[in-house]
Amino acid sequence: MKINKIIPITLLLTTVGITFGCKSTTDLTADSDQKMNHFISDLMSKMTLEEKIGQTVLFSSYWDVTGPISNNNFIEQAKKGEVGGVFNALTADFIYRMQKEVVDHSRLHIPLIFGYDVIHGYRTTFPTPLAMACSWDTTKIELAARSMATEAAADGLNWAFAPMVDIARDPRWGRVAEGAGEDTFLGSAIARAQVRGIQGHDLKDTTTLLACVKHFAAYGAPVAGRDYNSVDMSERQLREFYLPPYKAAIDEGCQTIMASFNDINGVPATSNQWLLTDLLRKEWGFKGMIVTDYTGIYELLNHGTAKDSADAGAQSIRAGVDMDMQSNIFMNYSKSNLKKGAISEKEIDRACRKVLEMKYKLGLFDDPYRYCDTLRAKSTLKHPIFFKASHDVAKSSIVLLKNENNLLPLSKSTRTIALVGPMAINKRNQLGTWHTGGREETVTPIHEAFAKEFPNSRLLVAEGCPYEGDDRSRFPEALTAARQADVVVMCMGEQEFESGEAASKTDIRLSKIQRDFIAEVRQIGKPMVLLLHNGRPMVITEEEQAFQAILEVWHLGSMAGPAIADVVSGDENPSGKLTMSFPRSVGQIPIYYNYLMTGRPETQERFTSRYLDSPNTPLYPFGYGLSYTTFSYAPPSLSQPTMRKDGSLVVSVAVTNTGQRDGEEIVQLYLRDMVASVTRPVKELKGFKKVAIKAGETVKVDFTITNDLLSFYNAQLVKDSEPGEFTVYVGGSSTTTNQTRFILE
Ligand code: GLC
């Protein structure tokens, strides 16, 4: 099917029956709510205790693994009604056969629910979430989620373990690749977009999945950046910076939530009554289903907060957990826990009901096989429209970090281009971490895309250097190519498994051999462009000196090559902006833009909050990204100099494209509360708009400020604003000084 470039991609999606862009109305109406409750109450009245416990059990299939396998006879158990769901099972055919086994043989014919880590694509792979976040384009991010849900649902799945919304300020932690970065406001907007995309506006639609916001909570703040490590912070910090994206996902209608591995202030999330019941269900009104992370219940023994598995199981279901992922503990101990009074039948009924509600909302009781259409799978997976969407968002995810003397874009009449480095022809690593259903054969690699993008250039391709190790035997071939070239494009970075789960690092520079390789190429003295492929922000302080131009190209998925080639050639003007700070050194971590002033702000004076060996500032800050054109900002103006709590005010700014070519600019609004009852960040993102501006044109951008944007948690944990002066910053990066002030009365 030829993709018509003119028709908006969203319209095209509709042509393949994919609804898009509607608020998730997965919450049932009162009438349908009543019908569901009646249906489930009637079903539960027929269920035995064992069958109710069975619904709270989730096992991994052997088809794909995302952790240790502990049980291989789950199908036999499921046929006895002792399993409620399976994850990591794939294909419409395999799922159909498993579902049929269970529905036909189980006493009450209750269907299974099938989950999978559909994180940034299914068969068509999109850029990693941190990369897509750098587009700041919630429409494209929603479309990516819509696309991956459509593919996965076509292949039999019902439930995506996404979005991951963990705020993170520490790039040593490999899972920063799965989230949206360091900012709460942006992370919340992206969380909402992802839930909309995954759940669509009707969960019975067979292009939608249940979403599962994770990892609740604050998994992105492990001590020392080491995965699974403890999280310890004040409740104020938790509520101010880490909890809002989970709340945003739930307010958007997210139906399930995953408890995180970590302990929070000493209490593991998996058995945290305050977190899962008092906060989530009572304060936030969450009515969906809570699932643990992989063997999370069993891990309470390692945490040392449960004396045995039975105790772990009792604590978790009492705390609010409804489904036990992979630890076998609800299956093996709930009945005896009930018998000895460690848990109540009410808790078992609650958990069972929550799982049955999910199955009901998916329409699995109407037709357990509604997602298992092998013909639909065949016509849906790898549909050209998904590659188009992936290509589109990948282009917008690329961040131009440096462009000395406008080396980029490269002219298409460049005589000879050397394309060197481990990523020059590699496909698999373009998929990035958690590519799960992705396949490397879907990837167009860089060298193939460059050959198409620069047909009149001589392209010398030589990897020359491995990702790691000390094999320098292929350096010479790459150095020879570099000597013959007019420009050297170096494709360097991390392999896909170097970020993601269980991938923390103490050194986040390029590997030694890659740095040596760069140094040798640099000796040749040709203009050099760095294409940096990574899951996390890296320390590239050395490279910042070595290259005239640097593009942050992340792991962009199936369309990595074409997206990168479009930007390098100038067919696409880069517009991405970083959503996580790039430190100058690992010693600066944690590092983030919305820091507190301290009593001794950094100056050149000795006794101030500074380092002896480095500035406090990052190498590249949050919100930063260059363009092939330039933009200038007039001072922001206000609709009025003061604002009442029950009122609002409008901030307006004129942005001019002062360059020679059209471009897109992500206009960012930051606020600073100058004096408050607690210390407040030097600035916080409170609005952003991506605007297309033609060369030489000026666009007026407005932001409306309301009281909720000024509110924060005070020392008594009351969220409110306080009268006083606020500074408003509007610019193209968090470092903007373009400002004005207003008074909140
Ligand atoms: C993993 C991850 C979680 C994932 C789950 C199922 O350990 O922590 O993000 O959804 O297990 O694969």
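Which residues line the largest cavity? I looked this up before anything else.

**Ground rules.** I am working from a predicted model, where local features need pLDDT of at least 70, side-chain atom pairs count only at pLDDT 80 or more, and totals for chains, interfaces and linings use all residues. Residues are numbered from 1 along each chain as its sequence is written, and side-chain values use heavy atoms, with hydrogens and water left out.

**Cavities.** The lining of the largest cavity consists of Glu51, Gln55, Ala78, Lys80, Gly81, Val83, Val102, Ser106, Arg107, Leu108, His109 and Ile110. I noted the terms: on a 1 Å grid over the protein atoms alone, a cavity is a set of points where a 1.4 Å probe fits but cannot get out, and lining residues have an atom within 4 Å of a point. Grid points are joined across faces, edges and corners, and a volume is the space filled by probe spheres set on the points. The largest cavity holds about 80 Å³ of space. I found six cavities of 30 Å³ or more in the structure.

**Asparagine 158.** Next I went to the loop between helix H7 (138-154) and strand E4 (159-160), where asparagine 158 sits. Helices (H or I, at least four residues) and strands (E, at least two) are DSSP runs, numbered from the N terminus. Asparagine 158 is buried, at 1% relative accessible area. Buried means under 20% relative accessible area, exposed over 50%, partly exposed in between (1.4 Å probe, protein chains only). Its side chain reaches the backbone nitrogen of phenylalanine 114 at 2.7 Å. Not counting residues up to four places away in sequence, asparagine 158 touches Leu112, Ile113, Phe114, Leu209, Leu210, Leu362, Leu364 and Tyr371. Contact here means heavy atoms within 4.5 Å.

**Cysteines.** How many disulfides does the structure hold? I found zero. The cut-off is a pair of cysteine sulfur atoms within 2.5 Å.

I then checked strand E15 (528-533). Because six of its six residues are buried, E15 is largely enclosed by the rest of the structure. Met528, Leu530 and Leu532 point one way from E15, and Val529, Leu531 and His533 the other way. In a regular strand the side chains alternate between the two faces of the sheet. E15 pairs with E14 in the parallel sense, over six bridges. Two strands pair if DSSP finds at least two bridges between them. Opposite leucine 532 in E15 stands methionine 492.

**Glutamate 494.** This residue lies in the loop between strand E14 (487-493) and helix H20 (512-524). Is glutamate 494 buried or exposed? It is buried, at 1% relative accessible area. Leaving aside neighbours within four places in sequence, its contacts include Met423, Tyr467, Lys505, His533, Arg536 and His555.

**Helix H22.** I counted 10 of 10 residues buried in helix H22 (residues 560-569). The cover includes helix H17 (384-397), helix H18 (446-453), strand E15 (528-533) and strand E16 (549-552). Just after H22, glycine 570 takes a positive phi of about 90 degrees.

**Serine 627.** Serine 627 is in the loop between H22 and strand E17 (631-633). At 14% relative accessibility, serine 627 counts as buried. Its side chain makes a polar contact of 3.1 Å with the side chain of asparagine 573. A polar contact is a pair of N or O atoms within 3.5 Å; within protein, one must be able to donate a hydrogen and the other to accept it, and residues adjacent in sequence count only if both atoms are side-chain atoms. A polar atom of the serine 627 side chain also lies 3.0 Å from the backbone nitrogen of threonine 629.

**Open sheet.** Last, I traced an open sheet of five strands, in the order E19-E27-E26-E21-E22, with mixed pairing. Strand E19 (642-643) and strand E22 (684-693) are the edge strands, each pairing on one side only. Strands E26 (residues 724-731) and E27 (residues 739-744) run antiparallel, joined by six bridges. Glutamate 725 has isoleucine 743 in E27 as its bridge partner.

Key: 1 Å grid on protein atoms, 1.4 Å probe; cavity = no way out; pocket = protein on both sides within 12 Å on 5 of 7 lines; lining within 4 Å.
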